[in-house]
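Thanks for sitting down with this one. Let's go through it together, question by question, with the structure open beside us.

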Amino acid sequence: MAQRTTFPIETRGRGTYDITARVASALDGAPATDGLAHVFCHHTSASLILCENADPSVRRDLDAYFARLVPDGDPTFEHDAEGDDDMPAHIRTVLTQSSLLIPVAAGRLDLGTWQGVYLWEHRTAPHRRRVTVTFIL
Amino acid sequence: MAQRTTFPIETRGRGTYDITARVASALDGAPATDGLAHVFCHHTSASLILCENADPSVRRDLDAYFARLVPDGDPTFEHDAEGDDDMPAHIRTVLTQSSLLIPVAAGRLDLGTWQGVYLWEHRTAPHRRRVTVTFIL
Amino acid sequence: MAQRTTFPIETRGRGTYDITARVASALDGAPATDGLAHVFCHHTSASLILCENADPSVRRDLDAYFARLVPDGDPTFEHDAEGDDDMPAHIRTVLTQSSLLIPVAAGRLDLGTWQGVYLWEHRTAPHRRRVTVTFIL
């Protein structure tokens, strides 16, 4: 049985957004059984990660690392119709995840203590992103 | 209930191959229910990505970027039994995905407007690749 | 129906650990049906990969490549509370997988001939890692 919820995330531009509580609440009302929760981002310039949730410097370092790994405005990129951050956003998405699959134990997300669910906006401008959570039990 | 289909993909060597329609057709005849479609590549030198499906320059830039990120013929690689592209193919696979999991709504793939499913052949020579689609409802 | 098993993996520090047999044995006693096996690592400084299982030089090259891609002790990292390998471990986890989803055919893992399941410890010190296998049929 699949229980499905879709919701928008309004981003303020490039950066990581903690959606753990929003994902967890998609399980509200579900039976207290074991299963899997699937989180999906319907875009190719924003992605999902499981990341350390205690120290914000982890996500600052992650942002800085990816800014070096996939630099905006790389002159070798042919695809720049939407700006310097266009092609880097697609590459960052390919290097991370468009979906996460998380164990559910007795109806609740079974994440590790330090694991949070983040939507990573890769475009510099704000965007509305669509996320779907499917609970399979 | 799991409905399973396996099919081969004949590649012409390194590059991305749009398999979205092939994956969608694996759902033909399935009940019009919600669920998840799993796409799996049974290899360690070819992988799967969700990528922008409108402008082919995105995939050209992606190919060029990965050619720089994981250069063929890197003299530090010990594993080169099958050639200069052998170890880079394994690393590219690890940096991308061996499987994708996509929401299914009313029996149809619920991809974003710009998301396509691509098999990425990382070896320079043509290969026959095996892909399995499993529909969980 | 979801059948769930959790077990610890004791690592001896940074490196890849073959857990294919341990994952396969989580399916023991399951019905001989088709489905999917989900492997999840409940940590943000260790991850999972599907990797070539025949030649150990592949995993040595992979270790060496990632040591260059995400160098320990990078002076630009702000987050180093637990040492030089702290932030690199988080980045390596984000660049690889926290979970794998593998087809199951007639109750058995349907991996490709050369695909093995590895836990990748990214911290230099030994750790106890928790892994959960969920079989969905």
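Q: In β7(C), which residue is the bridge partner of A46(C)?
A: Keep in mind as we start that this is a predicted model. Strands β4(C) and β7(C), the latter covering residues 115–121, run antiparallel and are joined by seven bridges. Within β7(C), the residue bridged to A46(C) is E121(C).

Q: Which are the edge strands of the open sheet in chain C?
A: The sheet has three strands, in the order β2-β7-β4, and its pairing is antiparallel. An edge strand here pairs on one side only.

Q: How many degrees does the twist average from one strand to the next?
A: Follow the strands of chain C in the order β2-β7-β4. Going from one strand to the next, the twist averages 35°.

Q: Which element gives the largest share of the side of chain B that touches chain A?
A: On this interface, 26 residues of chain B meet 23 residues of chain A. The elements of chain B giving two or more residues to its side are β3 (35–41), β4 (46–52), α2 (56–69) and β5 (99–105). With seven residues, the largest share belongs to α2(B).

Q: How do the residues on the side of chain B that touches chain A divide into nonpolar, polar and charged?
A: Chain B has 26 residues in contact with chain A. They divide into six charged, five polar and 15 nonpolar.

Q: At what angle do α2 of chain A and α3 of chain C pack?
A: Two packed helices are described by the angle between their axes and the distance between the axes. Here the helices span residues 56–69 of chain A and 86–95 of chain C, and their axes are 10 Å apart. The crossing of α2(A) with α3(C) is right-handed. Their packing angle is about 65°.

Q: Which residues of α3(C) make the contact with α2(A)?
A: From α2(A), the contact uses V58(A), D61(A), L62(A) and Y65(A). Counting both helices, the contact residues divide into six nonpolar, one polar and one charged. On the α3(C) side they are M87(C), H90(C), I91(C) and V94(C).

Notes. Residues are numbered from 1 along each chain as its sequence is written. Chains are lettered from A and ligands numbered from 1 in the order in which they are written. This is a predicted model: local features need pLDDT of at least 70, side-chain atom pairs count only at pLDDT 80 or more; totals for chains, interfaces and linings use all residues. Two strands pair if DSSP finds at least two bridges between them. Helices (H or I, at least four residues) and strands (E, at least two) are DSSP runs, numbered from the N terminus. Axes are lines fitted to C-alpha atoms, for helices over the stretch in contact, and angles run from 0 to 180 degrees between N-to-C directions. Two residues are in contact if their C-beta atoms, placed from the backbone, lie within 7 Å. Ala, Val, Leu, Ile, Met, Phe, Trp, Tyr, Cys and Pro count as nonpolar, Asp, Glu, Lys and Arg as charged, and the others, Gly among them, as polar. A crossing is left-handed if the near helix is turned anticlockwise from the far one by less than a right angle, and right-handed if clockwise.
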